[in-house]
Amino acid sequence: MTKPASRRARKRYFDFKSFLVDRFGCRVYKLQIDAGFTCPNRDGTIAVGGCAYCDGRGSSLRQKGPLPAVAQQIADGKALYRNLRGAAKFIAYFQTFTNTYAPVESLRALYDEALAQPDVVGLSIGTRPDCVDEDVLRLLEGYAGRSHVWVEYGLQSIHDGTLGRMNRGHDSACFADAVRRTAGRGLFICAHIILGLPGETRADMMKTARAVAALPVDGVKVHSLLALRGTEVGRLFEEGKISLMGQEDYVSTVCDVLELLPPSVVIQRITAEGYRDIYLGPGWAQSKLKVLNAIDRELEKRDTWQGAKYMERD
Ligand code: SF4
């Protein structure tokens with residue numbers, strides 16, 4: 001199998017670090033911002049309780065007390081990343097809860113504040129597919145002409161039964177509609193997928209990968225289901241009513257997913273850890289480097305690449 005020639009791939013998948021270095025010519029880091037948003041899937045607007053796997057605490061910063069201003073959070077993050085990793089440029093990642101869940105003028109003020117900080121070259125806005133009306137998309141589109149802007153949509157699964165069981169509060173059609181309305185505006189679109197959701201088979205997960213591959217999505221984040229104390233998933237796990245993926249199963253499944261995604265889709269994340277104080281499992285996912293190495297080894301062993309089966313029909 002031939003390594004894709006379209007980019008300077010350091011890995012067998014199109015990793016985000018390579019994407020950013022190729023685009024900006026230097027190390028670029030996403031700085032996590034907690035701008036104090038809430039979530040309509042928690043406050044009763046759509047549902048209460050939130051998604052079954054969401055711990056609802058927000059960022060670690062929020063847990064410490066009043067949130068610093070966006071500019072201060074960026075200044076603190078920059079100092080940390082510069083010292084630790086030699087980062088030169090930054091993307092302000094509005095991560096905590098639903099970061100388009102406010103009037104447009106409030107959103108504009110927050111995003112403007114982030115982009116006004118030195119060396120901030122872009123925004124990444126984490127949100128729900130049911131929280132982006134035309135006014136929000138026009139606002140984001142306005143930034144795309146002058147900076148690098150990602151919109152990150154939680155999907156997790158393309159199966160409506162799973163979305164219902166996880167209390168997502170939207171269906172897969174809502175996600176597809178949001179992606180189509182976002183595309184063509186100069187914005188980069190990222191979809192979040194969770195593998196190992198209760199009741200899903202590997203074939204179900206491959207259907208999710210194929211569905212995402214068929215949409216105008218530019219990036220993907222994938223991780224295995226994590227059980228956290230205080231969540232519905234955590235409760236079911238502690239009561240022995242659901243099981244979590246093993247590392248071998250996850251690595252093999254995520255490699256199958258990579259094979260189905262277009263080579264051009266940037267893999268922003270391929271495994272995730274959770275807060276240690278409420279973490280119930282799976283234990284292996286807390287060793288991020290080991291998981292990343294295992295994925296690299298599996299792709300080597302198979303002599304395969306992201307996109308190797310993208311054109312195949314199921
Ligand atoms: S949409 Fe996001 S923030 Fe809201 S409950 Fe679900 S996971 Fe939590």
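Here is a quick tour of this predicted model, from the overall build of the chain to its core and the ligand shell.

Let's start with the big picture. The protein chain has eleven helices and nine strands. Its radius of gyration is 19 Å, close to the 20 Å the globule rule gives for 314 residues, so the chain is as compact as a globular protein of that length. The table collects some values for the whole chain.

| Property of the protein chain | Value |
|---|---|
| Box filled by the C-alpha atoms, along the principal axes | roughly 50 × 45 × 40 Å |
| Buried share of the 314 residues | 42% |
| Share joining residues at least 24 apart, among contacts between residues at least 6 apart in sequence | 82% |

Now for the inside. The largest nonpolar core holds 86 residues, and the ones touching the most other members are Ala 92, Ala 114, Leu 123, Val 220 and Val 254. Helix α10, which runs over residues 247–260, gives this core its largest share, with seven residues. Val 254 is worth a click in your viewer: if you skip its neighbours within four places in sequence, Val 254 is in contact with Leu 195, Val 222, Ile 270 and Ile 295.

On to the ligand. Three cysteines, Cys 39, Cys 51 and Cys 54, are among the residues around it. The rest of the shell is made up of Asn 41, Arg 42, Gly 50, Phe 97, Thr 98, Arg 128 and Gly 154. Sorted by class, that shell comes out as four nonpolar, four polar and two charged residues.

Notes:
Residues are numbered from 1 along each chain as its sequence is written. This is a predicted model: local features need pLDDT of at least 70, side-chain atom pairs count only at pLDDT 80 or more; totals for chains, interfaces and linings use all residues. A residue is near a molecule or strand if its C-beta atom, placed from the backbone, lies within 6 Å of it. Ala, Val, Leu, Ile, Met, Phe, Trp, Tyr, Cys and Pro count as nonpolar, Asp, Glu, Lys and Arg as charged, and the others, Gly among them, as polar. A nonpolar core is a set of buried Ala, Val, Leu, Ile, Met, Phe, Trp, Tyr and Cys residues joined through C-beta atoms within 7 Å. A residue is buried if 20 or more other C-beta atoms lie within 10 Å of its own, exposed if 12 or fewer, and partly exposed in between; C-beta atoms are placed from the backbone. Helices (H or I, at least four residues) and strands (E, at least two) are DSSP runs, numbered from the N terminus. Two residues are in contact if their C-beta atoms, placed from the backbone, lie within 7 Å. The radius of gyration is taken over C-alpha atoms; the globule rule is 2.2 Å times the number of residues to the power 0.38.
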